Amino acid sequence: MLDILLARWQQGHRTISFPKGQPAVPDRFRGVPVVDQSKCPVGCRDCVVACPTDAITIDARGLRLDLGRCLFCTDCVEACPEQAIRYTQDFRLAARKREDLVLNGESLKLAEALDKKMRRLFGRSLKLRQVSAGGCNGCEADVNVLSTVVFDLGRFGIQMVASPRHADGLLITGPVTENMRLALKKAYDAVPAPKVVIAVGACAIAGGPYINHPEQHNGADSVVPVDLYIPGCPPHPLTILDGLLRLLGRLEVGRPRA
Amino acid sequence: MSAAPQLATLRNGVARARREIPDLDWPQFRSAILDGVAGGAYVTAMFGHMPNVDDVVEIYVVLADREGGQLHGAKTRVCGDVFPSLTPECPQVHLFEREIAEQFGLRPEGHPWLKPVRFVKSQRAGHDAWGRSTSEQPLIGVMNFYRVEGEEVHEVAVGPIHAGVIEPGHFRFQCHGEHVFHLEISLGYQHRGVERALVGGPDKRTIHYMETLAGDTTIGHATAYCQVVEALAGCKPPARAQVLRGVALELERLANHTGDLGALAGDVGFLPTSSYCGRLRGDFLNMTARLCGSRFGRGLVRPGGVAFDADGTRTEELLKSLQTAMSDVTSAVGLLWDSSSVMSRFEDTGKVSLEVCEELGLVGPAARACGAEGDIRNDFPLGIYRFSHIPVSTANTGDVFARAYVRWLEIQRSADFVREQLQMLAGGTTLTTPGELAADSFVVSLVEGWRGKICHVAMTDERRRITRYKVIDPSFHNWMGLAMALRNQQISDFPLCNKSFNLSYCGHDL
């Protein structure tokens, strides 16, 4: 018993102050990418060719980067002859609409809160059923980590529950494999309305590295309507938490509430 | 009896010409496997390959002989729709044969447990091992499940979606009250078509498939793939890169083993260790992120070396973080062994005997917990492990306690290794560019991932492209081990037993 108390003393208090304080991310962390199109040589398509998921397109309107498809890898950065692409350390990536994730020079339109009625229902208590539909256990692991003492999801009234019937919504990972499609649909149907759906990770948004494989369906919104998209491969736990809090109106658009 | 067949001798991470893999007739092939296994070798890989779209399927086998640190390879050709199953005499191949049956519509005659593996269409149009239509995708989970009948015997079906934040799979328990007679595990829900997509590569997506084969084993699978490319391109990664790969692989082990010990504590309701280890797992992941920006090591391991270097201050910081984390892990994990309430739940639960472990060819900590001594880092070392030795950690009771304790031993040894390597990090570059792959070649690459033996086998064609890429995640060997561990247990012990194996679904389903 004494050992347990001593260990408790040693372990200390570990819950981060986010969203009140801004947490530090590692210096090499790859958050929101920015492209300086003024550096792009005329006709250069090196980044388009290098991108493993065709997240970058160039046409007459310029270069567009789809954060929903982005794996946050370094292939485009390395391919660029002019160092026009760089990752910032901004971990805030979640958006309400799929098209908001496609950047064309402008800054990312972060997720807006649910409407008033939904916020009244879920703002202080949101129960989610997680469904992995082909996820590699990367997104799953970083969703799981939100329940540890570090992020302590419970303090926001958000909880992962065992049954869709006890849930207010689904948190989906994976590209939705053909073999999970029916199970996902059934889980969605089992959640009582009104409900929210959150797609976490490049796979659940657009298929990730598996995009256009016939064995999968290019993401959750092929099967169910999605209310929140959280990009990343996998998204950092802070990115997921930030997205959830924005959806519930617990953060102001753009910056955390003081 | 045919004469002892000559097998090709292979080494981990060394390419051979495909024509050097002997083409044996069936009796020779059969006795090569049976004699090899009787002599102590393990079947590391066994897979089909259809060189042309005709009726002939080649079956390749790779045996791993720990004693000599050698691998042995051979192939045979199967004409028609059946081949005699080796499973009754050599249970290790049970799932390999089921996979061949499913992928190529070849029926292993006499297989005692012939069921689909991933519920995918046969690659040989018009040939299905179960006589199903080959024009349609088979329905997942539609198969004959094992069934115990009798008064008050009941069946409990769980999944594909489970109660926690975890990947999907279907489990069926045959029970009498709380007592489990048998657990059948039916997977395939995570199938994403990785092996099919690798054919014709390498291309710009290949490394990303590798990093997401099993996302919690990013470093393990990426390293296995890079060893394949480097072997085929005749490229040697710089010494500094080899060290950083080893450091990353051990950090992956540290994170996952620590997380598993926390989860095991959680499953027996022991909250202190559960809560501390949950946090500490993240501390190890953050060390990997310090190295390359990603908690899972995405972007770090690349053919030819590693894409991120550890400069002086970074190394210092990593060493400091390691020391702090290990001090906390030591205190958190120590509580487990001193708490009788934990030990009474861990001990004698989910036992697997050494005999069953060897018959099924289990790998990794699950096998070492039964007293088996296999560890790729020791038996088939490559990279930094050729120069720096990690002692093999074993236990002998084969229960949940043993699987937990082996993890704790490995945590300590991995931490020592990381410390040692970071303290004497070799200078020089971290990345070279591998050239073209060799044509018509065959290579086996083995890595001891945190779950156990990761095996990748690749073959190139005359155009230097990949014509077959076989991935064998350690989970492929170990799922049947979990089923065996559940026999004669309480159904309420399933979460504990399951977590003590902590196997990958997508690593199995590919």
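This is a predicted model: local features need pLDDT of at least 70, side-chain atom pairs count only at pLDDT 80 or more; totals for chains, interfaces and linings use all residues.
**Exercise 1. Locate the domains of chain B and describe how domain 2 and domain 3 are placed.**

Solution. Next, take the C-alpha centres of domain 2 and domain 3 of chain B, which lie 24 Å apart. The contact draws on 22 residues from domain 2 of chain B and 35 residues from domain 3 of chain B.

**Exercise 2. Work out how much area is buried between domain 2 and domain 3 of chain B, and which residues of domain 2 lose the most.**

Solution. The buried area comes to about 2,500 Å², with carbon and sulfur atoms giving 60% of it. Now look at the domain 2 side: His477(B), Leu496(B) and Leu510(B) lose the most area to domain 3 of chain B, and together they make up 33% of what that side buries.

**Exercise 3. Find the polar links across this interface and the helices behind the domain 2 side.**

Solution. Begin with salt bridges: the count between domain 2 and domain 3 of chain B is 1. Asp493(B) and Arg345(B) join their side chains in a salt bridge, at 2.6 Å from N to O. On the domain 2 side, helix 14 (474-485), helix 15 (494-501) and helix 16 (506-509) of chain B each supply at least two of the touching residues. Helix 14 of chain B gives the most, with 7 residues. Finally, sort that side by type: 11 residues are nonpolar, 9 polar and 2 charged.

Definitions and conventions: Residues are numbered from 1 along each chain as its sequence is written. Chains are lettered from A and ligands numbered from 1 in the order in which they are written. Side-chain values use heavy atoms; hydrogens and water are left out. Domain bounds come from an automatic or database domain assignment. Contact means heavy atoms within 4.5 Å. Buried area is the accessible area (1.4 Å probe) that two parts lose on being put together, summed over both. A salt bridge is a side-chain nitrogen of Lys or Arg within 4 Å of a carboxyl oxygen of Asp or Glu. A polar contact is a pair of N or O atoms within 3.5 Å; within protein, one must be able to donate a hydrogen and the other to accept it, and residues adjacent in sequence count only if both atoms are side-chain atoms. Helices (H or I, at least four residues) and strands (E, at least two) are DSSP runs, numbered from the N terminus. Ala, Val, Leu, Ile, Met, Phe, Trp, Tyr, Cys and Pro count as nonpolar, Asp, Glu, Lys and Arg as charged, and the others, Gly among them, as polar.
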